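Student: I would like to work through this model carefully, one topic at a time, with the cut-offs stated as we go.

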Amino acid sequence: MAAEVSRSPVSQAADPLRDSTLPVLPALRDGTLPVLPALRELLPRGGLTRGSVVTVAEFGLLILALAAGASADGAWCGIAGVPEAGMLAAAGLGLDAERTLLVPDPGHAWPQVVASLLDGCELVLLRPPAQAPAQVRQRLEATLRRGRGVLLVVGDWPGAQVRLRILTQGWTGLGDGHGRLRACCAQVTADGRGEAAATRTRWLWLPAEDGNVSAAEPPDIPVPERHLQVVRAG
Amino acid sequence: MSAPESRVMVLYCPGLAGPRTARAFDQVLTAVTAFCPAVEAVEPGVCAFGARGPARYFGGETALAARITAAIADLCFESQAGVADGLFAAYLAARAAGAPRADTASGICPVLVIPPGRTPEFLARQPVSALAGQDATADLAGQDFAALLSRLGLHTLGDLAALSPDDVASRFGAAGETAHRLARGLGSRPLAVRPPAEDLSVAQEFDPPEPLSEPVVFAAKALAERMHEGLAARGLTCVRVQVRAVCADGRENRRLWRHDGLLSAAALADRVRWQLDGWQVPAPSTSTTSTTDTKGTTSIPDGTIGSTPDGTTDGGIVVLRLVPDQVVHATGHQLALWGETVVSDRVARAAMRVQAMLGHEAVLRPVLGGGRDVAEQVNDVPFGEKRQPRLAVGAPWPGRIMGAVPGVVYPFAREADVTDDAGVAVTVTGRCVISAAPAWLAADGVPPLRITGWAGPWPLSERWWDPAAARRRARFQLLTDDGRAWLAAVQDGRWLIEGGFWLRAGITRRCPGASCGGGWPGAPRTSPAQRRRCHNDAHRTTWLPQRRRWPGYGKPSFRGPSCTATPPIASWTGRPRPVSS
């Protein structure tokens, strides 16, 4: 019975990864950590491939949302080098604060700290305090492959399997002296190496009005507008 | 007649006489124990011990009392000492020591020594109210008995002592007889000293000094077993355990580890290993991590302990000592039935390793609690400590800003300047009226950003009853033309940035150099080609917190929606566009 239930979505949908409403099948999860449904299309296997490095250009909600899916699924998440991580927003996205370790200031020995965190946590979010030398990167990647974890890096990491960037962002709900911030529509693009080489771009509500992440529908998507600005009078 | 009364010294700390100062008084007791091991804590703020032996050792009662009061003064507590025959007289002498007297040059001397044999003479001058509070007269309701004696015309203990014992006994019974004996300087109860605390620590000496960490860790396992056996035999456990390692050159490395009675001998040996490993992590002199409590030693990470950066070993471990800290009765440990996340060994091991490197406070677990501001709703608790929100979760907390929560929350709010179109700073009055619509936002000295949308002020005035925690502030949400949204507040006339909602900074590639120009008024204008050239490797580095400047400024690539009052989704302007994929 259980086998039937788990198999039935496959028979109904041609590609289970394309349909974000379906649960990820256990067979597919062996090599990946789950992500929030709206983010699946951006990642090559519909999840964070174990042993891989995923970079996000800058710290913000996107990288917290990437970590949220796996954390909600039971993985421990270590956050190193980001003292300003908004845990309340992260918890709203699904990151479990109970299973989170924060190392706000990993200091000069950050490679050892990250290696130790990778031994214990399946997911480590890192903003390196300094540009990582190639040797340090290789050693961390070896630790990563051994521990079957995923390293989410804020910033640049040569050799990362997947790179995510936000192209545009626009908040709704705030007027001129009234209203409040409600939701943000963002265009996210992903590229990388190997199976992630093809560039994928998606519009997302990050966050949506209910605090979650969802795919933006075409009518919602804002058009970037060029505003003329007075640069110099006369 | 009974045997002559023994010499007793009483130490009286006027500031510690309350019931809430037990911890502080315990420090005093520990300090006194250094002079005389057998000390009785008579009541909060009062302790007594036999003075004969210590006085002979330290060269006289006055010298001993002076040394002890000086030691207590080092702990920042005030104390008075009195020495007399018997506990009762010594107690009165200690109380009287603080009063100004004519026989000392300085006026107030915290030590009063009644010479042997002259105690009855000293007692005779004391008022009968001194009997109040003594155990012997407790059944006579203390103060009432003293008041009764006063009404009978007996104002001092000398008056009482002058009466015949038989008369006192027939009038006041056994309790009166006891009071009469006290007044004559007799019949004080013997001291009930507390035995000195047992030393539960265990130590291992290494001779010759051990330069490698492995044998030390191996010895630590046996040591931990010995310590656990000692604790278990007494039905005790410890909350924390302190590991002290002493080097041959005298340096000492000590660190407290959480124990809670849960660590096995092997796990404790692991802590010792991590501590010794952490001691080896090379620390540059510019390091500002103050959380580590190692002595800042540097060494080469090759498994050699306590070696200097140039590779010369200046000694190994001489003594390893495990000291149980906060010893409590062993009552076992029970997990909650629901809602408690069990920290697996693997995670705990990783967290402890990092703690060994960076210090106990370096690894935190966030606890979501109550509160009105985003920063106070998250409390960070060091790993291994009890996770408890500082403010109640269930309360409604009116005054919270509803809606989106910032993904970036600064540990310390950053100062900012918000000005209106004319360049005048925007202020908020006490009645929460804003002086002008905010138009420009400048934070951390970077060029100002144009504000395209704002909301507020949302006032917050809380904890007015507590001067230390009281604050009044007006919160704002600001939207700047680079697409970012900010959570700002005005407090004490200053603008503070508490957090940000952005997903990314304004431009895709940031150019800190002036060559690429920016989008703010007055900035040098450069051509797009110039700006591309500026995107060299040095300028493409990611933003790091140490640089203390905002990520990304310059020409905005996306304008937020022009401000409308309509609901969010409908507020987008422009025509719909299909998803680009």
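Student: On what conventions do the values rest, and which pLDDT is needed for local features?

Tutor: Residues are numbered from 1 along each chain as its sequence is written, chains are lettered from A and ligands numbered from 1 in the order in which they are written, and side-chain values use heavy atoms, with hydrogens and water left out. The model is predicted, totals for chains, interfaces and linings use all residues, side-chain atom pairs count only at pLDDT 80 or more, and local features need pLDDT of at least 70.

Student: How many helices and strands does chain A have, and what percentage of its residues count as buried?

Tutor: Helices (H or I, at least four residues) and strands (E, at least two) are DSSP runs, numbered from the N terminus, and chain A has six helices and 11 strands. Buried means under 20% relative accessible area, exposed over 50%, and partly exposed in between, with a 1.4 Å probe and protein chains only. For the 234 residues of chain A, the buried share is 59%.

Student: What are the corresponding values for chain B, ending with the percentage of its residues that are buried?

Tutor: Chain B holds 12 helices and 17 strands. Its accessible surface, from the Shrake-Rupley method with a 1.4 Å probe, where for residues only the protein chains shown count as cover, is about 28,600 Å², with 55% belonging to carbon and sulfur atoms. Of the 581 residues in chain B, the buried ones make up 46%.

Student: Where does helix α8 of chain B bend?

Tutor: Helix α8 (residues 165–183) of chain B has 19 residues, yet its end C-alpha atoms are only 11 Å apart, whereas a straight helix would reach 27 Å at 1.5 Å a residue; that expected span is 1.5 Å times one less than the number of residues. A bend at a residue is the angle between axes fitted to the seven residues ending there and the seven starting there. Several residues of α8(B) are buried, including B:V168, B:A175 and B:L182. The bend in α8(B), of about 135 degrees, is at B:F172.

Student: Is B:P209 buried or partly exposed?

Tutor: B:P209 sits in strand β6 (residues 202–210) of chain B and, leaving aside neighbours within four places in sequence, is in contact with B:A248, B:G316, B:I317 and B:V318. B:P209 and B:C247 are 38 residues apart in sequence, with 7.9 Å from C-alpha to C-alpha. Because its relative accessibility is 37%, B:P209 counts as partly exposed.

Student: Is B:W397 buried or exposed?

Tutor: Although not a glycine, B:W397 has a positive phi of about 50 degrees, and its place is in the loop between β11 (378–382) and β12 (408–419) of chain B. Because its relative accessible area is 13%, B:W397 is buried.

Student: And is B:C76 buried or exposed?

Tutor: B:C76, again not a glycine, has a positive phi of about 70 degrees, and lies in the loop between α3 (61–74) and β4 (80–85) of chain B. Because its relative accessible area is 69%, B:C76 is exposed.

Key
Contact means heavy atoms within 4.5 Å.
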